[in-house]
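Hello,

Here is the structure we spoke about. My notes follow below it.

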Amino acid sequence: MELGGYANRVAWIDLTTGKVDYRPIDEEDARKYIGGRGLGVKYVFDNGPQVDPLSPDNILCFMTGPLTGTDVNMSGRMAIVTKSPLTGTIVDSHHGGWSAARLKWAGFDGLVFKGKAEKPVYAYVENGQVELRDASDLWGKGVHETVKILQERHGEENLSIIAIGQAGENLVKFACWVNENDRASGRGGTGCVGGSKKLKAIVIRGKHEDRPRPKDRDGFREAHRRALATIMDEANVTAPRKGGLSVYGTNVLMNITNNMGALPTRNAQTTSFGEKGEKISGEWVKEHILVKNPTCHACPVACKKEVEVKEGDFKIHMESLEYEPAWSLGAMCGNDDACAIAYMIDRCNDWGYDAIEIGDVLAMYMEYTQRGYAAEGEGLSWGDAHGMVELMRKIAFREGIGDILAEGTGAAAEKLGHPELAMAVKGMGIPAYDPRGLKGMGVAYATSNRGACHLRGYTPASELGLIPLKTDPLAWEGKGELLKTLQDLHAFSDSLDICKFSAFAEGAEEYAQQYSTFVGVPFTADDVLKTGERIYNLERYYNNLCGFDGKDDTLPARFLEEPSQESGSKGHVCELDKMLEEYYRARGWENGVVPESKLKELGIL
């Protein structure tokens, strides 16, 4: 294959036999699905939609894109793609740091695992080769200790380690892979799939000098200059040391969503945390516990916020106190102790599970307790930080009630007999945006191909005025069409694979120019959106074949029937049906199903 940016090498690892097969990428697949998320989805689709997520037949893909590990800004993302044990849908989940870049520098576009090892193993990757090594001594250990042992064994220079913790080993349905101690591919249970395969870790050694070079060097130099200028522009939230994302990290959003009545609080019974919201905000973190602003490969933004808590019951030094877990373990659970939240996020990273889902699970169980459903002597009260930590441990090790809660928000609420308490879509808990105050998020949650998700199509970028295309957060009109465009754009950038935050500054034109000059093919902004549309429809087609359709594109009744009582969104519910109708029309879908004509139009069939 002559396309630039690719190593043109994917390792297919059979964990049952221990055999490693090295294959090139089919050029037609590369052109149609790019890499990262798109190519991983194609591999999972080709493996068959009827596979049991926890069977040896399911595949687990660790994918880079053609721009990963290059000089392209914010190009340090890795996509982990599989069939989700939490939702039963396709899932891709991404992480930053350096592992994706090093995988490309080690000579790979991806690693695809199938089968199940007889005993625990880890994969060692270097110089175009993959070796499976015994991980029996690592099984039962948390991510942090696993990383420490493997660093002592292999050295730290040019090394990245991705691992699962005890939650993955114990098949917690929302277990995740954690990169370099603190950066998680959080959503959808990819770590649970790893645990089912007895795959404990992936160790990658790669050197920066082995990074890919662009096909059109002069053209790329200009494309790169233009893209960097947009990121550095002080009018954008990405501007280094000036924009809110760089100064406060993702948690710059806490005070904003809280004040506009769009922050789900106490299991979304209310839409604001009131004055307590400030105590868990990025501004509070910066003033009280921030110690460092680390970054990822080729990223000038440095949105990560490393913190240290030196006093009290929750002493910790960790990275990073992000908006989503600050909300999920904070406002969603009625907890205004940012130091406790930092400690809990570190526990999530060590035990290895999704810091969003765990907050949704705990909040569901807190409302279950509030309503008098919990057995005597059991239950969890709002804001009980010590009780939260202990229940989090029980979930990681599947002890007592933790065994039920380990199934995830939707399934656990069902097992407890109160599915109405689950703030979840297709079984996966919601992120940190209440669709009564940010209407676009309602249709985004409902139509996400991996369950409730803000990252498939980030409509708050428009509703909060983070991009030039500004819309009213309380208006439903136009949100279906807006979402379709953003889903397609993000599907493409996830396949490059570059950070989603690039879209706060860059658009389809910048993506097209960088891809075209680096890979060496003509490509336009229209091609960006058409390719993203193809990827999104392939995911939806996979889910259709798994039995999902329009009946599953819904929201918890609370968002549809219980008006917000808080300032900024008071009196509002989410008008999902109207937005869905608009969205399906823009997509050309029939009741949530991709028709054969659309599949043929996009070259899927």
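In strand 14, E306 is the residue that K292 stands opposite. Please keep in mind that this is a predicted model.

The sheet

Strand 13 and strand 14 (residues 306-309) are paired in the antiparallel sense, over two bridges. They belong to an open sheet of three strands, with the order 13-14-15 and antiparallel pairing. Strand 13 (290-292) and strand 15 (316-319) are the edge strands, each pairing on one side only. On average, and with direction ignored, neighbouring strands of this sheet are turned by 30 degrees against each other. Helix 12 (residues 338-351) packs on the sheet, where it touches strand 14 and strand 15. The direction of helix 12 makes about 65 degrees with that of strand 15.

Helix 4

Helix 4 runs over residues 143-154, which is 12 residues. From first C-alpha to last it reaches 16 Å, close to the 16 Å expected at 1.5 Å a residue. Its buried residues include V143, T146, V147, I149, L150 and H154. These lie on the same side of helix 4, because they cover an arc of only 165 degrees around the axis. K148 and E152 are exposed, and they sit on the face turned away from the buried side.

What covers the buried residues of helix 4? Among the elements that do so are strand 7 (121-126), strand 8 (129-134), strand 9 (159-163), strand 10 (177-179), strand 12 (199-205) and helix 12. After helix 4 comes G155, with a positive phi near 85 degrees.

Regards

Technical notes: Residues numbered from 1 in each chain as written. Predicted model: local features only at pLDDT ≥ 70, side-chain atom pairs only at ≥ 80, totals over all residues. Heavy atoms only, no water. Pairing = 2+ DSSP bridges. Helix = DSSP H or I, 4+ residues; strand = E, 2+ residues; numbered from the N terminus. Axes fitted to C-alpha atoms, helices over the stretch in contact; angles between N-to-C directions. Contact = heavy atoms within 4.5 Å. Expected span 1.5 Å × (residues − 1). Buried < 20%, exposed > 50% of the residue type's maximum accessible area, 1.4 Å probe, protein only. Arc of directions from axis to C-beta.
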